[in-house]
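Good morning, and thank you for coming. I should like to take you through one structure, with attention to its aromatic residues.

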Amino acid sequence: MADQRTDTDWVAIERSPEFQELTRNKRAFIVPATIFFMVWYFGFIALCGYAPDFMGREFITDGLTVGYALALTQFVMTWVLGVMYMRRANRVWVPLAARVRESGEGAAASGDGAGPTTRFRRGEPVAEHEEVPQR
């Protein structure tokens, strides 16, 4: 089993401005992208159910209907959202995560004497009000 680090102050990392920026930035992309995906997908389903005449119209060429064209856009939309997510992750979130990691390691290495907040003692949960002995 890999050696687990117990000197990480997860609460301090969660409260750090770098982590807050990372979560805020991710949420600013993921929530609108999810809403867009759901509206697009369920809009297509609603059109299939409530506008069969519109969905059955031939479009561009013989045999290709509006319904088929919109169904194909579901695949295109999924790939575009995936590419947008990967680009944002590589360009924005990975550097932000590195800053979070560096700030967390810096805080642990500073050795302010108080010691990190530890919530687990060798696999046993520690009650929030219970004091954890420092080594």
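W93 is buried, because its relative accessible area is 5%; buried means under 20% relative accessible area, exposed over 50%, and partly exposed in between, with a 1.4 Å probe and protein chains only.

Before I continue, a word on the basis of these values. This is a predicted model, in which local features need pLDDT of at least 70 and side-chain atom pairs count only at pLDDT 80 or more, while totals for chains, interfaces and linings use all residues. Residues are numbered from 1 along each chain as its sequence is written, and side-chain values use heavy atoms, leaving out hydrogens and water.

What sits over the ring of W93? The charged end of K26 does, 5.6 Å from the ring centre. The criterion is that NZ of Lys or CZ of Arg lies within 6 Å of the ring centre and within 35 degrees of the ring normal.

I turn now to ring pairs. Rings of Phe, Tyr and Trp (for Trp, the six-membered ring) pair if their centres lie within 6.5 Å; planes under 30 degrees apart count as stacked, over 60 as edge-to-face, and the rest as tilted. By this rule there are six aromatic pairs. In one of them, F36 and W40 have ring centres 5.6 Å apart and planes at 40°, so the pair is tilted. Both residues lie in helix α2, four residues apart, about one turn of the helix. F36 is partly exposed at 39% relative accessible area, and W40 is likewise partly exposed, at 33%.

The rings of Y85 and W93 are arranged edge-to-face, because their centres are 5.1 Å apart and their planes stand at 65°. Y85 is partly exposed, with a relative accessible area of 32%. Ring pairs also link F29 with Y85 and W93 into a cluster.

F29 belongs to α2, where L22, F29, A33 and F44 are buried. Does the span of this helix, residues 17–50, agree or disagree with its length? At 1.5 Å a residue, its 34 residues should span 50 Å, and the end C-alpha atoms are 48 Å apart, which agrees. The expected span is 1.5 Å times one less than the number of residues.

Finally, the whole protein. It has four helices and four strands, in the order α-α-α-β-β-α-β-β from the N terminus; helices (H or I, at least four residues) and strands (E, at least two) are DSSP runs, numbered from the N terminus. Of its 135 residues, 18% are buried.
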